[in-house]
Amino acid sequence: MNRRYTMRFLSLFGLGLGARSGHAAPPAPGAQAGTPAAAPAVRMTDAEWQQRLPAAAYRVLRQEGTEAPGSSPLNREKRRGTYHCAGCDAPLFSSEAKYESGTGWPSFHTPLPAALGTKTDFKLILPRTEYHCARCGGHQGHVFDDGPRPSGKRYCNNGVALKFAPAAA
Ligand SMILES: [Zn+2]
């Protein structure tokens, strides 16, 4: 792994863990809030990721970019199936957890068990909870507390960071 990237990754995690200790919000059912920053199981150098991923997916997954709202075809995806990480193919969400949030990003109320890790980021000054694929560390989106019952969570996901696999008919 590229050393400079590794240091940046670790410092981001360190910031997230330190910042989160003051929060006492209960984790969503199935969410991995508070999970220690375990090393991702899928590791590649930044250069390898850049080579492997389309530019738009690389920007989101490896640089925590955000796609333009309404830009993902997955906003309109209504079939039964599973949403996988576009970086490493780990299954992250069932179609049963998807709902129309009206935000222009694919939205889910519950992740698959142990699929995600979280950290706090301050990109917009106010703290937000960033979440990422637990297997490869790829950034997926942010989770908010204005989702539907019963979880009350809204996982606001970049469509370009996901691949949809329809269920067999
Ligand atoms: Zn992944």
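# Briefing on a predicted protein model with two open sheets

Strand 1 (residues 81–85) and strand 9 (residues 162–166) pair in the antiparallel sense over five bridges, where two strands count as paired if DSSP finds at least two bridges between them. Helices (H or I, at least four residues) and strands (E, at least two) are DSSP runs, numbered from the N terminus. This is a predicted model, in which local features need pLDDT of at least 70 and side-chain atom pairs count only at pLDDT 80 or more, while totals for chains, interfaces and linings use all residues. Residues are numbered from 1 along each chain as its sequence is written.

**Overall make-up and confidence**

- The protein has three helices and nine strands, and reading along the sequence gives the pattern α-α-α-β-β-β-β-β-β-β-β-β.
- The mean pLDDT, which is the predictor's confidence in each residue on a scale from 0 to 100, is 84 for the protein, and 77% of its residues reach 70 or more.
- Over residues 1–36 the pLDDT stays under 50, and for this stretch the model has 39 contacts beyond four places in sequence, a contact being a pair of residues whose C-beta atoms, placed from the backbone, lie within 7 Å.
- Where pLDDT is low, the predicted coordinates should not be read in detail.
- Of the contacts in the protein with a separation of 6 or more, 61% are between residues 24 or more positions apart.
- Of the 169 residues, 34% count as buried, which means that 20 or more other C-beta atoms lie within 10 Å of the residue's own, whereas a residue with 12 or fewer is exposed and one in between is partly exposed, with C-beta atoms placed from the backbone.

- An open sheet of three strands has the order 2-1-9, with antiparallel pairing; its edge strands are strand 2 and strand 9, each of which pairs on one side only.
- From one strand to the next, the twist in this sheet averages 30°, an angle taken between N-to-C directions, from 0 to 180 degrees, of axes that are lines fitted to C-alpha atoms (for helices, over the stretch in contact).
- Strand 1 also pairs with strand 2 (residues 91–94) in the antiparallel sense, over three bridges.
- Thr82 has Ala165 as its bridge partner in strand 9, and Thr82 also stands opposite Ser94 in strand 2.
- The hairpin of strand 1 and strand 2 has five residues between the strands, and in this hairpin Asp89 takes a positive phi near 75°.

- Strand 4 (residues 107–108) and strand 8 run antiparallel and are joined by two bridges, with Ser107 having Cys156 as its bridge partner in strand 8.
- Strand 7 and strand 8 run antiparallel and are joined by four bridges, and here Val143 stands opposite Tyr155 in strand 8.
- Strand 6 pairs with strand 7 in the antiparallel sense over four bridges, and Val143 in strand 7 is the bridge partner of Thr129.
- From strand 8, Arg154 and Cys156 point one way while Tyr155 and Asn157 point the other way, and all are buried.

- After helix 3 comes Glu64, whose phi is positive, near 55°.
- Leaving aside neighbours within four places in sequence, Ala57 is in contact with Ala86, Val160 and Ala161.
- In soluble globular proteins, nonpolar side chains tend to be buried together.

**Phe93 in strand 2**

- Phe93 is found in strand 2 and is buried, with 26 other C-beta atoms within 10 Å.
- Apart from neighbours within four places in sequence, Phe93 is in contact with Tyr83, Lys98, Phe108, Pro111 and Leu112.
- Phe93 and Leu116 are 23 residues apart along the chain, and their C-alpha atoms are separated by 9.7 Å.

Technical notes: Two residues are in contact if their C-beta atoms, placed from the backbone, lie within 7 Å.
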